[in-house]
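Take the points in any order you like.

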Amino acid sequence: MPHTAPPTRADLFAWWGSSDDGEPGDVFDLALEVALRLQSQRCEVGPYTPELHAAALRRAARFLAAKGLTLGASDAGDFGTVMIPVWDAEIENYERNHRIGGFA
């Protein structure tokens with residue numbers, strides 16, 4: 001059965017319908033690594049199914065699409081723009097399981 005293993009870089013580019021114009025270790029590899037790591041933290045990945053394969057591709061695509069977006073920014077008047085990581089959905093997604101402590 002096809003798509004019963006985690007997607008590869010080649011799978012990502014085939015899914016997009018474009019050619020691989022990058023280099024090993026670039027942002028495309030990072031996107032896949034992050035997508036697969038987050039998926040394994042949140043899902044039972046054995047056996048690996050076509051649904052998990054498709055979800056991992058979408059996670060990687062979301063990572064790449066958000067790369068150039070400014071999220072979690074607030075206008076602080078005279079202090080300029082400040083970044084608040086918990087307002088950035090992508091940072092929240094990546095750091096949620098790694099946060100230390102909290103605020104009461």
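1. Ground rules first. This is a predicted model, in which local features need pLDDT of at least 70, side-chain atom pairs count only at pLDDT 80 or more, and totals for chains, interfaces and linings use all residues. Residues are numbered from 1 along each chain as its sequence is written, and side-chain values use heavy atoms, with hydrogens and water left out.

2. Start with helix 2 (residues 27-42) and helix 3 (residues 50-65), which pack at about 130 degrees with their axes 8 Å apart. Helices here are DSSP runs (H or I, at least four residues), numbered from the N terminus. The axes are lines fitted to C-alpha atoms over the stretch in contact, and the angles run from 0 to 180 degrees between N-to-C directions. Helix 2 and helix 3 are therefore oblique to each other; the scheme calls angles under 35 degrees roughly parallel, over 145 roughly antiparallel, 65 to 115 roughly perpendicular and the rest oblique.

3. Which residues make that contact? From helix 2 come Val27, Phe28, Leu30, Ala31, Leu32, Val34, Ala35, Leu36, Leu38, Gln39 and Arg42, and from helix 3 come Leu52, Ala55, Ala56, Arg59, Ala60, Phe63 and Leu64. Contact means heavy atoms within 4.5 Å. Sorted by class, the contact of helix 2 with helix 3 has 15 nonpolar, 1 polar and 2 charged residues. For those classes, Ala, Val, Leu, Ile, Met, Phe, Trp, Tyr, Cys and Pro count as nonpolar, Asp, Glu, Lys and Arg as charged, and the others, Gly among them, as polar.

4. Now look at helix 1 (residues 9-16) against helix 2: the angle is about 100 degrees and the axes are 10 Å apart. Helix 1 and helix 2 are therefore roughly perpendicular to each other. Arg9, Leu12, Phe13 and Trp16 of helix 1 touch Phe28, Asp29 and Leu32 of helix 2. That contact of helix 1 with helix 2 divides into 5 nonpolar, no polar and 2 charged residues.

5. Helix 1 also packs on helix 3, at about 80 degrees and with the axes 11 Å apart. That makes helix 1 roughly perpendicular to helix 3. On the helix 1 side you'll find Asp11, Leu12, Trp15 and Trp16, meeting His53, Leu57, Arg58, Ala60, Ala61 and Leu64 in helix 3. The tally for helix 1 with helix 3 is 7 nonpolar, 1 polar and 2 charged.

6. Is glutamine 39 buried or exposed? Glutamine 39 sits in helix 2 and is buried, with a relative accessible area of 1%. (Buried means under 20% relative accessible area, exposed over 50%, partly exposed in between, with a 1.4 Å probe and protein chains only.) Its side chain joins that of tyrosine 48 through a polar contact of 2.6 Å. A polar contact is a pair of N or O atoms within 3.5 Å; within protein, one must be able to donate a hydrogen and the other to accept it, and residues adjacent in sequence count only if both atoms are side-chain atoms. Leaving aside neighbours within four places in sequence, glutamine 39 is in contact with Val45, Tyr48, Leu52, Ala55, Ala56 and Arg59.

7. Arginine 9, in helix 1, counts as buried too, at 15% relative accessibility. A 2.5 Å polar contact links the side chains of arginine 9 and aspartate 20. Beyond its neighbours within four places in sequence, arginine 9 has contacts that include Gly22, Glu23, Pro24 and Asp26.

8. Two backbone details deserve a look. Most residues other than glycine have a negative phi, and most peptide bonds are trans. Histidine 3, in the segment before helix 1, has a positive phi of about 65 degrees although it is not a glycine. Glycine 46 and proline 47 are joined by a cis peptide bond, with omega about 0 degrees, and proline 47 lies in the loop between helix 2 and helix 3.

9. Last, proline 6 is in the segment before helix 1 and counts as partly exposed at 40% relative accessibility. Leaving aside neighbours within four places in sequence, proline 6 is in contact with Asp11, Leu36, Tyr48 and His53.

Terms used:
Helices (H or I, at least four residues) and strands (E, at least two) are DSSP runs, numbered from the N terminus.
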